[in-house]
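User: I have a model open and would like to go through a few of its features with you. Could you take me through them?

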Amino acid sequence: MATALPLTTKELTTDQEVRWCPGCGDYSILAQMKKALTTVGVPREKIAFVSGIGCSSRFPYYMNTFGFHTIHGRAPTFATGLRLANPDLQVWVVTGDGDGLSIGGNHLIHALRRNVDIKVLLFNNEIYGLTKGQYSPASRLGTSSKTSPGGSFETPVRPLSVALAAEATFVARTVDVDVQHLVATLQKAAAHKGSAFVEIYQNCVIFNPDVYDYASNKAVKADNVLYLEHGKPLLFGKDKNKGIRLNGLKPEVVTVGKDCQVDDLLTHDEASEEPTLAYLLSRFAHDPRNPNSFPEPLGVFRSVRKPTYEEQLDNRIKDATQKKGPGRIEELFKAEDVWTVQ
């Protein structure tokens with residue numbers, strides 16, 4: 001029986017015990033995901049969550065929808081097949097910085113570049129949590145962990161830069177504890193037609209506590225975070241008097257009224273077909289050790305409409321059927337491109 005709309009958060013809750021560490025950011029993401037789904041107008045039987053391996057990948061157990069807990073790094077592949085087999089489903093992929101950017105990096109890139117209509121949520125805590133605290137592909141330089149006691153010296157992967165380079169048509173970032181922003185971002189991802197990639201800064205209170213304190217602590221985040229708004233100048237700071245200006249091809253932090261006027265600042269354009277500005281913003285990385293570092297952008301970096309993989313595949317099948325008829329599997333087996341092994 002089809003569920004009635006609108007959904008309630010209770011209807012989206014399963015009878016499974018939620019087994020994350022107390023204080024884990026996954027609890028907030030789960031709660032806000034349920035809130036978001038009550039507003040998108042999709043019944044439970046047309047929603048599916050697909051996950052790989054990791055703490056975040058227990059997510060499907062806790063959503064009263066269809067769900068698949070798959071294998072390490074392959075969630076985008078399963079989700080692609082699911083969308084092609086049943087295009088009526090709204091398919092969400094839940095992954096982490098370890099699952100999605102290491103063994104699953106190749107699968108993630110190709111799902112995004114194909115513009116498959118799936119929504120990828122990458123929970124980023126910059127550490128391997130399930131396997132007890134090794135540094136991950138997203139861990140910052142100097143991160144001390146069980147596998148990098150002297151501090152990581154590997155260049156970290158920047159998830160949004162990867163997604164934009166793969167031409168994902170929707171790219172955004174949000175934070176687990178900024179619940180209103182998180183819900184709004186999930187709603188926008190749900191409404192998008194095409195590959196949607198959302199990086200969610202998520203705390204790991206056990207193995208990487210306070211890594212995002214600069215972006216979540218109300219006392220300091222105004223000066224460290226840049227909220228992106230389409231068509232608005234790039235302003236930030238407690239007094240909204242700091243901004244981003246281009247000096248040639250080089251971005252710089254300026255003070256409005258002292259160094260420039262508001263009209264001199266960069267204006268955000270998430271709908272630009274050309275992803276150059278979005279990619280530039282994805283390179284901003286706040287450094288708590290450097291008071292002059294860039295603020296870290298939150299919000300939608302890119303949102304454009306392009307033909308999805310499913311739409312193009314469907315058109316290709318319709319064209320072939322119109323020209324050659326529906327075809328028969330027996331004829332395919334007997335086609336010219338066969339050979340006999342003797």
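Analyst: Helices here are DSSP runs of H or I with at least four residues, strands are E runs of at least two, and both are numbered from the N terminus. Please keep in mind that this is a predicted model.

User: Where is G150 found, then?

Analyst: G150 lies in the loop that runs between strand 4 (118-124) and helix 5 (159-165).

User: Is that glycine, G150, buried or exposed?

Analyst: G150 has a relative accessible area of 78%, and because exposed means over 50%, it counts as exposed.

User: And how far apart are G150 and T95?

Analyst: In sequence G150 and T95 are 55 residues apart, while in space their C-alpha atoms are 28 Å apart.

User: Switching to helices: at what angle do helix 1 and helix 6 pack?

Analyst: Helix 1 (residues 25-37) and helix 6 (residues 179-191) pack at about 50 degrees, and their axes are 9 Å apart. That angle makes helix 1 oblique to helix 6, and the crossing of the two is right-handed.

User: Which residues meet there, between helix 1 and helix 6?

Analyst: From helix 1, S28, I29, Q32, M33, K35 and A36 meet V179, L182, V183, L186 and Q187 of helix 6. This contact of helix 1 with helix 6 comprises seven nonpolar, three polar and one charged residues.

User: What about helix 2 and helix 4, how do they pack?

Analyst: Helix 2 (residues 75-85) packs with helix 4 (residues 105-113) at an angle of about 35 degrees, the axes being 8 Å apart. Here P76, T77 and T80 of helix 2 meet H107, L108 and A111 of helix 4, and the residues of this contact divide into three nonpolar, three polar and no charged.

Methods:
Residues are numbered from 1 along each chain as its sequence is written. This is a predicted model: local features need pLDDT of at least 70, side-chain atom pairs count only at pLDDT 80 or more; totals for chains, interfaces and linings use all residues. Side-chain values use heavy atoms; hydrogens and water are left out. Axes are lines fitted to C-alpha atoms, for helices over the stretch in contact, and angles run from 0 to 180 degrees between N-to-C directions. Contact means heavy atoms within 4.5 Å. Ala, Val, Leu, Ile, Met, Phe, Trp, Tyr, Cys and Pro count as nonpolar, Asp, Glu, Lys and Arg as charged, and the others, Gly among them, as polar. Angles under 35 degrees count as roughly parallel, over 145 as roughly antiparallel, 65 to 115 as roughly perpendicular and the rest as oblique. A crossing is left-handed if the near helix is turned anticlockwise from the far one by less than a right angle, and right-handed if clockwise. Buried means under 20% relative accessible area, exposed over 50%, partly exposed in between (1.4 Å probe, protein chains only).
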